[in-house]
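Student: I am new to this structure and would like to go through it step by step. Could we begin once it is in view?

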Amino acid sequence: MDRELQIIVACVSGVATSPFALEIVKGILKEARLPAKLRKCSFPELEKEQKGMDLVLTTANYKKELAVPHLNVFSLISGVNTDQVKAKILETCCEILAKK
């Protein structure tokens, strides 16, 4: 795997839950030894900011269509079903890297 995943984590405001989720995701990917560059944004910025990204992670329901894969990771914030969400993040990241 010679290319980093480009991942954006978004929340409604871009300053509340997305920084927290970003740090959790960073730890998950580091533990799995998956190379990734992560950044955060707000929902209003997401349509523009998704360009060049491999994956979008949101901390709330995002209803608009996105051009890249999208996962809701609110469970990482709430603490409910975190193992399932972690597994889905890793599965999705591995699928994306396999296509690169």
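Predicted model: local features only at pLDDT ≥ 70, side-chain atom pairs only at ≥ 80, totals over all residues.

Student: How many bridges join β3 to β4?

Tutor: Two strands count as paired if DSSP finds at least two bridges between them. Strand β4 covers residues 70–72 and runs parallel to β3, and L57 has L71 as its bridge partner there. The number of bridges joining β3 to β4 is three.

Student: Are the residues on the two faces of β3 buried or exposed?

Tutor: Buried means under 20% relative accessible area, exposed over 50%, and partly exposed in between, with a 1.4 Å probe and protein chains only. In β3 (residues 55–58), L55 and L57 lie on one side and V56 and T58 on the other, and all of them are buried.

Student: What is the order of the strands in the open sheet?

Tutor: Strand β1 (residues 5–11) pairs with β3 in the parallel sense over four bridges, and A10 is opposite T58 in β3. The edge strands are β2 (36–42) and β4, each of which pairs on one side only. The open sheet has four strands with parallel pairing, in the order β2-β1-β3-β4.

Student: Are α1 and α4 parallel or oblique to each other?

Tutor: Axes are lines fitted to C-alpha atoms, for helices over the stretch in contact, and angles run from 0 to 180 degrees between N-to-C directions. The axes of α1 (residues 17–31) and α4 (residues 82–99) come within 11 Å and cross at roughly 60 degrees. Angles under 35 degrees count as roughly parallel, over 145 as roughly antiparallel, 65 to 115 as roughly perpendicular and the rest as oblique. The two helices α1 and α4 are therefore oblique.

Student: Which residues of α4 make the contact with α1?

Tutor: Contact means heavy atoms within 4.5 Å. From α1, the contact involves V25, I28 and L29. From α4, the residues are K86, I89, L90 and C93.

Notes. Residues numbered from 1 in each chain as written. Heavy atoms only, no water.
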